[in-house]
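Subject: Structure handover

Hi,

Here is the structure I promised to pass on. Please open it beside this email and follow along.

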Amino acid sequence: MQKSSTCSFMYGELTDKKTIEKVRQTFDNYESNCFEVLLYKKNRTPVWFYMQIAPIRNEHEKVVLFLCTFKDITLFKQPIEDDSTKGWTKFARLTRALTNSRSVLQQLTPMNKTEVVHKHSRLAEVLQLGSDILPQYKQEAPKTPPHIILHYCAFKTTWDWVILILTFYTAIMVPYNVSFKTKQNNIAWLVLDSVVDVIFLVDIVLNFHTTFVGPGGEVISDPKLIRMNYLKTWFVIDLLSCLPYDIINAFENVDEGISSLFSSLKVVRLLRLGRVARKLDHYLEYGAAVLVLLVCVFGLVAHWLACIWYSIGDYEVIDEVTNTIQIDSWLYQLALSIGTPYRYNTSAGIWEGGPSKDSLYVSSLYFTMTSLTTIGFGNIAPTTDVEKMFSVAMMMVGSLLYATIFGNVTTIFQQMYANTNRYHEMLNNVRDFLKLYQVPKGLSERVMDYIVSTWSMSKGIDTEKVLSICPKDMRADICVHLNRKVFNEHPAFRLASDGCLRALAVEFQTIHCAPGDLIYHAGESVDALCFVVSGSLEVIQDDEVVAILGKGDVFGDIFWKETTLAHACANVRALTYCDLHIIKREALLKVLDFYTAFANSFSRNLTLTCNLRKRGCFSMANVLG
């Protein structure tokens, strides 16, 4: 998943160029083939490989994977001269190599074509992908034609965010321009909107050359399939929304109603928001991001309703049949209240004056905001039947929107403080328990101190619950990481193989100790080996501190040399907050029995700072006396 199957990263100066081209063509043409190719190790040592390539097809006969098999044939291709063959001829060395690697030659016999095809179908059943979306982990980019763009590459991701921002720009400006009938005579705005249209047009061209994820989870890079998929889905919407309506509006002789109708078609660009909804899913786990998104949605809906509210008032304020002003319109009342009344121009035969467009938009937005939030001061109120009907519809929409958004806000805040609530609930339960059973004050203080310190270290996260979700391999990797300090600091683990370390790591447990906690009482069975990662502990024998343990120390018993459980000969008590990594006796012996080579190294190299089986058996550096 991290490197190309062509092994181009292993090519060198002596790798045959024709073979490289044949390998590339085999992958490009989805063929089965085999090659002898010279590759290089990291230390630049050349190695000959017999390479077999077999495409894996699904039930639709589409290639979803390639199975590549490599056999080392260096001895066959280039016998190595050693001390025992010095002076031999090349033919003699070749004869010896063939004799010693007869099994290799038998493995190199290529499968016939019918066998390969049969294995394809069986492997395809096992390796069939059923995911609807592309996994988010890093993977090698599939081979695509030169003019095809991967839909998850850095360029396309950046481009999608640019389109998203321009979509929001369109969502804000188009309703405003349609409602307020603004001719784009301003050259700067006309140029900006034209640039936006050109970018949307370029986006259409790019979508004809961008891969997509098929129903089986595979990346579709076939140009014909890409074109058909785009034509069936978003092409019509994208085309309607990128036409240059603003340039049409710039001409004075174009009827405003027709130009506004054309401009309103740009609102279909809002449907493109669904295409980037999956991007927002990555941020929905963050409360702050959700809050910002909800506020933006609320503001955008209020903006749309404000544009509609103004359009209703503008349509009703002047009766075009009688050419008279409607004094009950909210626009007429607003004009009177702010001192900019409408005037009739007798020479031109039209009504002039009234509030400015900026004032009208702010007033419309103010009214919709107060209605959506159910405040409604009443200084701007509906008076005509149409205005009242719209207000009723807006209040119905507003109540649903208000309940949805602010209900989610409440949920978000509850989720943000969920851990804090669990923490306080746990503390209250512990306090009630201690009070109910009349636990002594000193012990109660120790219990509360332990709970508070443990929570501050773990942040309320249940490690075992998280690990139980992960598969076995991933769980082992996480456990190796969690116990890395133990493995790196103690020489007893240096010769352990990866498998051995993973087997040990899953058996380790991490415990947190508060000052005063006793890890072992004298006379208890010593059933665990303890590694001190942080903090300080004291070893007490006969009421006397005989040793101080700190970071890097180990205490317990040498289980691998003894057949019986030991009784602790001393008390081990925490002086400070401590983190201990412990492994139980049964788990350790099980690993040592399986990895016998590591068991010998572990027994020789592990030195117990404090052996609780024997009195006075301590490391000299830690003994007090």
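A residue counts as buried when its relative accessible area is under 20%, as exposed when that area is over 50%, and as partly exposed in between. Keep those cut-offs at hand. Also keep in mind that this is a predicted model.

**The whole protein**

By that rule, 38% of the 625 residues in the protein are buried. The fold has 24 helices and 20 strands. The accessible surface comes to about 36800 Å². Carbon and sulfur atoms own 61% of that surface. Now take the contacts with a separation of 6 or more: 67% of them join residues 24 or more positions apart.

**The annotated spans**

The unreviewed UniProt entry carries the annotation "transmembrane region". Residues 161–180 are 100% helix and 0% strand, with end C-alpha atoms 29 Å apart. Residues 392–413 are also 100% helix and 0% strand, and there the end C-alpha atoms lie 31 Å apart.

**A nonpolar patch**

Which residues make the nonpolar surface patch of about 300 Å²? They are Val-236, Leu-239, Leu-240 and Leu-243. Leu-239 belongs to helix α9, which runs over residues 235–242. Its relative accessibility is 34%, so Leu-239 counts as partly exposed.

Next, go to helix α22, residues 498–505. Its buried residues are Cys-500, Leu-501, Leu-504 and Ala-505. Looking down the axis of α22, you find them within an arc of 135 degrees, so they line one face of the helix. Here is the background: an α-helix has 3.6 residues a turn, so residues three or four places apart point the same way. What do the buried residues of α22 pack against? The partners are the helices α20 (472–482), α21 (484–489), α23 (585–594) and α24 (596–605), plus the strand β19 (578–584).

**Salt bridges**

Side chains of opposite charge can pair when their charged atoms come close. How many salt bridges does a search of the whole structure find? The count is twelve. Three of them deserve a look.

- Asp-517 and Arg-446 pair at 3.4 Å, N to O. Asp-517 sits in the loop between β10 (509–513) and β11 (518–520), and Arg-446 in helix α18 (residues 441–458), so the bridge ties together parts 71 residues apart in sequence. Asp-517 is buried because its relative accessible area is 14%. Arg-446 has 37% relative accessibility, so it counts as partly exposed.
- Asp-473 and Arg-502 pair at 2.3 Å, N to O. Asp-473 is partly exposed at 48% relative accessibility. Arg-502 is partly exposed too, with a relative accessible area of 22%.
- Lys-551 and Glu-489 pair at 4.0 Å, N to O. Lys-551 is in the loop between β15 (544–549) and β16 (554–556), while Glu-489 is in helix α21, and the two are 62 residues apart. Lys-551 is exposed, at 60% relative accessible area. Glu-489 is partly exposed, at 35% relative accessibility.

Salt bridges with shared partners join Glu-21, Arg-24 and Asp-28.

Most residues other than glycine have a negative phi. Which way do Asp-542 and Asp-543 go, positive or negative? Asp-542 has a positive phi, near 55 degrees. Asp-543 has a positive phi of about 60 degrees, although it is not a glycine. Asp-542 lies in the loop between β14 (537–541) and β15. Asp-543 lies in the loop between β14 and β15 too. Asp-542 is exposed, at 62% relative accessibility. Asp-543 is exposed as well, at 80%.

**One last pair**

Finally, find Thr-463 in helix α19 (residues 463–469). Its relative accessible area is 42%, so Thr-463 is partly exposed. Thr-510 is 47 residues from Thr-463 along the chain, and their C-alpha atoms are separated by 9.6 Å.

Best wishes

Conventions
Residues are numbered from 1 along each chain as its sequence is written. This is a predicted model: local features need pLDDT of at least 70, side-chain atom pairs count only at pLDDT 80 or more; totals for chains, interfaces and linings use all residues. Side-chain values use heavy atoms; hydrogens and water are left out. Patches are made of residues with over 30% relative accessible area and no salt bridge: like charges are joined within 9 Å, nonpolar side chains (Val, Leu, Ile, Met, Phe, Trp, Tyr) within 5 Å. Accessible areas come from the Shrake-Rupley method with a 1.4 Å probe; for residues, only the protein chains shown count as cover. A salt bridge is a side-chain nitrogen of Lys or Arg within 4 Å of a carboxyl oxygen of Asp or Glu. Helices (H or I, at least four residues) and strands (E, at least two) are DSSP runs, numbered from the N terminus. Buried means under 20% relative accessible area, exposed over 50%, partly exposed in between (1.4 Å probe, protein chains only). The arc is that of the directions from the helix axis to the C-beta atoms. Contact means heavy atoms within 4.5 Å. UniProt positions are given in the numbering used here, feature names are shortened, and annotations may be inferred rather than shown by experiment.
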